[in-house]
Amino acid sequence: MSKFDYDLITIGAGSGGVRASRMAARTGAKVAVVEESRVGGTCVMRGCVPKKLLVYASSFAHSFGDARGFGWDVAEPSFDWGELIANKNAELNRLEGIYGRILRENNVDLLDGRGVVTGPNSVEVGGKSYTAKRILIATGGWPHLPDVPGIEHAITSNEALDLDELPKRIVIVGGGYIAVEFAGLFNALGADVTIIIRAGNILRGFDEDIREALAAEMEKQGITIHRECVVRSIEPEGDGYSVRLHGTEIIDCDKVFYATGRTPNTKGLGLEEVGVTLTDKGAVVVDEYFQTSVPSIFALGDVISRIELTPVAINEGMAFVATQFEGRPTPMDYENVPAAVFSQPPVGTVGLTEVEARERGDVDIYMSRFRPMKHTLSGRESHAMMKLIVDRASQRVVGCHMVGDDAPEIVQGFAVALKCGATKAQFDATVGIHPTAAEEFVTMREKLPDHDEDQ
Ligand code: FAD
């Protein structure tokens, strides 16, 4: 009989925590998961899922416009934000129920409340103490708000998904994927959208050509991007707000939305008190097997600030279980993790950016820009851009990037090819599917003149 109440207590029932808990329980371990909010975590309740549902809603705005060129006489459509939010919330309730059921069916105890680590093997929830052989921290992250006068008036992605009404004018501060996605969906739904970024362009960390192509598409659709710009203050003005920028410019709007990064949820969790090392930004420091500086305490997902994506948290959870409960030490493989931005048009990307690839050696670049066939009749001024980055010595494709309709769906498949180490010759030997945009990835033959060779 174990001297602990549980073999594993997980704090946080989000993407990583739920997967790790139920997989551990399947090995026969006695498992509990602590959740202070809703089972499902950020992705299901405040992230990927509700966001994508709103992106779907907004995509109809384009479709109604496109339909005319194909002979459809579309009466002026009307849109009901309240109905969308109610339907979205009903779906989230359904998913929360499913997650709860998954835990129950896998014999994982759900401990309602805030979990605090009180020792290397103990957790307190709602004034009650529980012991476990291992503790897993999967508490995710929370929007970070900078110290700006009037910041208390700003909303974050949490509130943006649940607004009572669609704002007519919205200022979005930040240029990461969350900012860009919300900008696209609010703009398509009819809001006047202004993005304010400190950097020279949106989507820092993405391939430069992708950043430029997407920014151009967004600006064509009427989104204003203020570059190299900092907010000085936010002041209430009538029913809305005045956003003062450095310099003299003032932007009036109904909502100010900050998407300026996320902070790991480690505050008040008791980790430092028991000897768990955190970074200066509050992320939990772990080794390749997700073990912290306290051997019985582990952490994964957004709280370790590696790659903050749901499938990564899930895969980390499975690697943790394989290592700790199945006797198969399994580090997480962070190479070639594909990602998407559900912007309008969306982005799909896997592998290295051109800058990263050039740091490793000589490269060949293949690029294609075109107007998708659909828009020849829809009349929409939208262009797609696709780019392959090939390591010159090995001829392996090391980067695959796209801005354009269906980019995330297309790039998911090519991620398998990159994971397998496919060469450009193997891409070329693959027969395309015609007529698609995706076939462009297997028909690009002319490499761009090399910047180095130009000199
Ligand atoms: P989370 O899912 O954040 O779960 C952590 C859980 O821990 C939460 O439920 C929280 O309530 C709970 N918790 C925290 N502290 C305590 C405590 N002390 N006691 C008890 N419970 C606690 N990723 C994608 O892959 N694709 C996307 O399209 C995408 N879109 C996103 C859009 C938005 C707006 C946001 C914010 C994120 C998005 N993400 C997306 C990121 C994704 O949501 C996260 O990477 C993922 O949820 C991380 O999972 P996790 O298990 O680490 O933490």
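Modeller: Welcome! One definition to begin with: helices (H or I, at least four residues) and strands (E, at least two) are DSSP runs, numbered from the N terminus. Please also keep in mind that this is a predicted model.

Biologist: Thanks! Then where is the place of valine 274?

Modeller: Valine 274 touches Val117, Thr118, Gly119, Val294 and Ile297, not counting residues up to four places away in sequence. Its place is in a loop, and the elements on either side are two strands, 262–264 and 297–299. By their numbering, valine 274 is in the loop between β15 and β16.

Biologist: And what distance separates the C-alpha atoms of valine 274 and valine 341?

Modeller: Along the chain, valine 274 and valine 341 are 67 residues apart.

Biologist: Let's turn to the helix pair. At what angle do α3 and α4 pack?

Modeller: Two packed helices are described by the angle between their axes and the distance between the axes. Here α3 covers residues 48–67 and α4 covers residues 81–105, with axes 10 Å apart. The crossing of α3 past α4 is right-handed. The packing angle is about 145°.

Biologist: By class, how many charged residues does the contact of α3 with α4 have?

Modeller: From α3 come Val49, Pro50, Leu53, Leu54 and Ala57, and they meet Trp81, Leu84, Ile85, Lys88, Glu91, Leu92 and Leu95 in α4. By class, 10 residues in this contact are nonpolar and no residue is polar. Lys and Glu count as charged. The number of charged residues is therefore two.

Biologist: Is serine 59 buried or partly exposed?

Modeller: Serine 59 lies in helix α3. Its C-alpha atom and that of glycine 413, 354 residues along the chain, are separated by 23 Å. Buried means under 20% relative accessible area and exposed over 50%. Because the relative accessibility of serine 59 is 28%, this residue counts as partly exposed.

Biologist: Does serine 157 count as buried or exposed?

Modeller: Serine 157 lies in helix α5, residues 157–160. Beyond neighbours within four places in sequence, serine 157 contacts Pro143, Ile178, Phe182, Phe257, Tyr258 and Arg262. The cut-off for buried is under 20% relative accessible area. With 7% relative accessibility, serine 157 therefore counts as buried.

Biologist: Which residues is alanine 319 in contact with, leaving aside its neighbours within four places in sequence?

Modeller: Alanine 319 lies in helix α8, and at 5% relative accessibility it counts as buried. Its C-alpha atom and that of valine 363 are separated by 33 Å. With neighbours within four places set aside, the contacts of alanine 319 are Phe290, Thr330, Pro331 and Met332.

Biologist: Now the backbone. What is the omega of the peptide bond that joins histidine 434 and proline 435?

Modeller: Most residues other than glycine have a negative phi, and most peptide bonds are trans. The bond from glutamine 344 to proline 345 is cis, with omega near 5°, and proline 345 is in the loop between β17 and β18. Proline 435 has its place in the loop between α12 and α13. The bond between histidine 434 and proline 435 is also cis, and its omega is about -5°.

Biologist: Last one: what is the phi of glutamine 395?

Modeller: Asparagine 336, in the loop between α8 and β17, has a positive phi near 55°; it is partly exposed, with a relative accessible area of 22%. Glutamine 395 is in the loop between β20 and β21 and is partly exposed at 27%. Its phi is positive as well, with a value near 60°.

Definitions and conventions
Residues numbered from 1 in each chain as written. Predicted model: local features only at pLDDT ≥ 70, side-chain atom pairs only at ≥ 80, totals over all residues. Heavy atoms only, no water. Axes fitted to C-alpha atoms, helices over the stretch in contact; angles between N-to-C directions. Left-handed = near helix turned anticlockwise from the far one by under 90°. Contact = heavy atoms within 4.5 Å. Buried < 20%, exposed > 50% of the residue type's maximum accessible area, 1.4 Å probe, protein only.
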